[in-house]
Amino acid sequence: MAAVAATAATKGNGGGSGRAGAGEGGGTRKRKGPGPVATAYLVIYNVVMTAGWLVIAVGLVRAYLAKGSYHSLYYSIEKPLKFFQTGALLEILHCAIGIVPSSVVLTSFQVMSRVFLIWAVTHSVKEVQSEDSVLLFVIAWTITEIIRYSFYTFSLLNHLPYIIKWARYTLFIVLYPMGVTGELLTIYAALPFVRQAGLYSISLPNKYNFSFDYYTFLILVMISYIPLFPQLYFHMIHQRRKILSRTEEHKKFD
Amino acid sequence: MRKMVEILDAKTREKLCFLDKVEPQATIAEIKNLFTKTHPQWYPARQSLRLDPKGKSLKDEDVLQKLPVGTTATLFFRDLGAQISWVTVFLTEYAGPLFIYLLFYFRVPFIYGHKYDFTSSRHTVVHLACICHSSHYVKRLLETLFVHRFSHGTMPLRNIFKNCTYYWGFAAWMAYYINHPLYTPPTYGAQQVKLALTIFVICQLGNFSIHMALRDLRPAGSKTRKIPYPTKNPFTWLFLLVSCPNYTYEVGSWIGFAIMTQCVPVALFSLVGFTQMTIWAKGKHRSYLKEFRDYPPLRMPIIPFLL
């Protein structure tokens, strides 16, 4: 879900004004757009994030070349991955203070699901860090984020190359299922270790009269992908049809 | 001078209905009834009629003559979807928790281990909690039947599923722990329970007082809106400081119940409820300010001086 949601409904990071990149669901509403200071800040934010995910991409490639295999590459990009993915929490703030026209709820959901996978699953259950499924979602996220943040950067500067828009609304077709597969396999791999260690679980009796079984919780999370993934996926497909066909029409009149 | 009314679909502009010889003093409610005759699947409660396809809905009491229309009035119709009455929703969503909590209290089979079936807790606070929780929902049911005066008769049908999931789900979650054989009574014992119970009872009385005061503001069958003011009942003096003291008291009741049971799910339920009621209180406060120029400036939406 983290892979899917990240590209889905956000108009995020200031890319809303003007035709270029707009229309993530709003259509032809005239948005005020962020002021000059906010725009400058957002451009810097998005450039930094693009650079950060490029660092992760390069790190993956270099580690692959050095090791000669694609196993256990997580360790070579663990720190920048944690840093830049967690940094995305700022995007919730951007929506909350209004410099980005996305819904706080939707953005929170997508960022928190990413942060959850990074910290509450991959970081917390060390045994899954060498799983290939981790590489699967890391690659999906990396490519998605590089495109997404450059998309926002260019949109803010009102100069969006068609190739970026095309990439953003096309590559998800493969990247979403890839990311979701990686995420689900990783959670699944973590299950036995969570059960064994009683990780993040609390049982009765205790003075707070509360219990929590993280193992069951993870299973429920996996089940939640069933209704959520198709919805987000088909929403993006619908968006793709709307946005890419609109650009074709405009090109005709140029 | 009779008027003519044409009703168009707000989205497709398709002409749905043409009414001629409509009395100029006819209300929107009457027009809705006429429209239902030609389209019986759209009963009045699910009709939204407006002057502008994207504009606000006209009220049932609006009179045709007073609207900015010519001899032929063009109204735009939007289907609000299947509707259900507020009373039905309230009764269903409140009856659930009452019943469900008792299932856990009596330790009906298949909830806890079989050796606990139909056993009773040895903690006084557990029995007290059952009385508080049950009387709270009985109060709500009685208020729905005899006290509340609703400005809208209906709400969208899907709300009943949403609302019942919320109320019934949380009731089951709380009841599971409070009535669990391994329940741990409050850390500070009887003192804590006594204090919490006092808070709970005061807030329940307060909440009820506010409901009565709001009912008395509005005569039966009318939809008038007036600024609520403190009455002789001291519980209503909270109106001096907040717009929605009923919500303030409700949050207080649940905080009391949380302290009484010392149970995290109860605290979470209180928190979620508080969040929702704050949103409603802010909305209500805003509409009071918009509607009444002389609205008391000292009042905050839900928490005195703060929120």
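Biologist: Is B:Glu143 buried or exposed?
Modeller: B:Glu143 is buried, at 2% relative accessible area. Buried means under 20%, exposed means over 50%, and partly exposed is in between, with a 1.4 Å probe and protein chains only. Keep in mind that this is a predicted model: local features need pLDDT of at least 70, side-chain atom pairs count only at pLDDT 80 or more, and totals for chains, interfaces and linings use all residues. Residues are numbered from 1 along each chain as its sequence is written, chains are lettered from A and ligands numbered from 1 in the order in which they are written, and side-chain values use heavy atoms, leaving out hydrogens and water.

Biologist: What does B:Glu143 pair with?
Modeller: B:Lys139, in a salt bridge of 3.2 Å, N to O. A salt bridge here is a side-chain nitrogen of Lys or Arg within 4 Å of a carboxyl oxygen of Asp or Glu. Both residues lie in helix α3 of chain B, four residues apart, or about one turn. B:Lys139 is buried too, at 15% relative accessibility.

Biologist: How do you call a helix or strand?
Modeller: They are DSSP runs, numbered from the N terminus: helices are H or I with at least four residues, strands are E with at least two.

Biologist: Which residue does B:Asp60 bridge to?
Modeller: B:Lys32, at 2.9 Å, N to O. That pair links distant parts of the chain, 28 residues apart: B:Asp60 sits in the loop between β3 (47-50) and β4 (72-79) of chain B, and B:Lys32 in helix α1 (residues 28-38) of chain B. B:Asp60 is partly exposed at 29%, while B:Lys32 is buried at 7%.

Biologist: Now chain A. What does A:Glu145 form a salt bridge with?
Modeller: A:Arg148, with the closest N and O atoms 2.9 Å apart. They are separated by about one helical turn because they are three residues apart in helix α6 (residues 132-156) of chain A. A:Glu145 is buried at 1% relative accessibility, and A:Arg148 is buried at 3%.

Biologist: How many salt bridges over all chains?
Modeller: The search finds 10.

Biologist: Which helix gives the most to it?
Modeller: Helix α3 (residues 124-146) of chain B, with four residues. B:Phe146 is in that helix and counts as exposed at 57%.

Biologist: Last one. How do β1(B) and β2(B) run?
Modeller: Antiparallel: five bridges join β1 (residues 3-9) to β2 (residues 15-22) of chain B. Strands pair if DSSP finds at least two bridges between them. The two form a hairpin with five residues between them, and B:Arg13 in the turn has a positive phi of about 60°.
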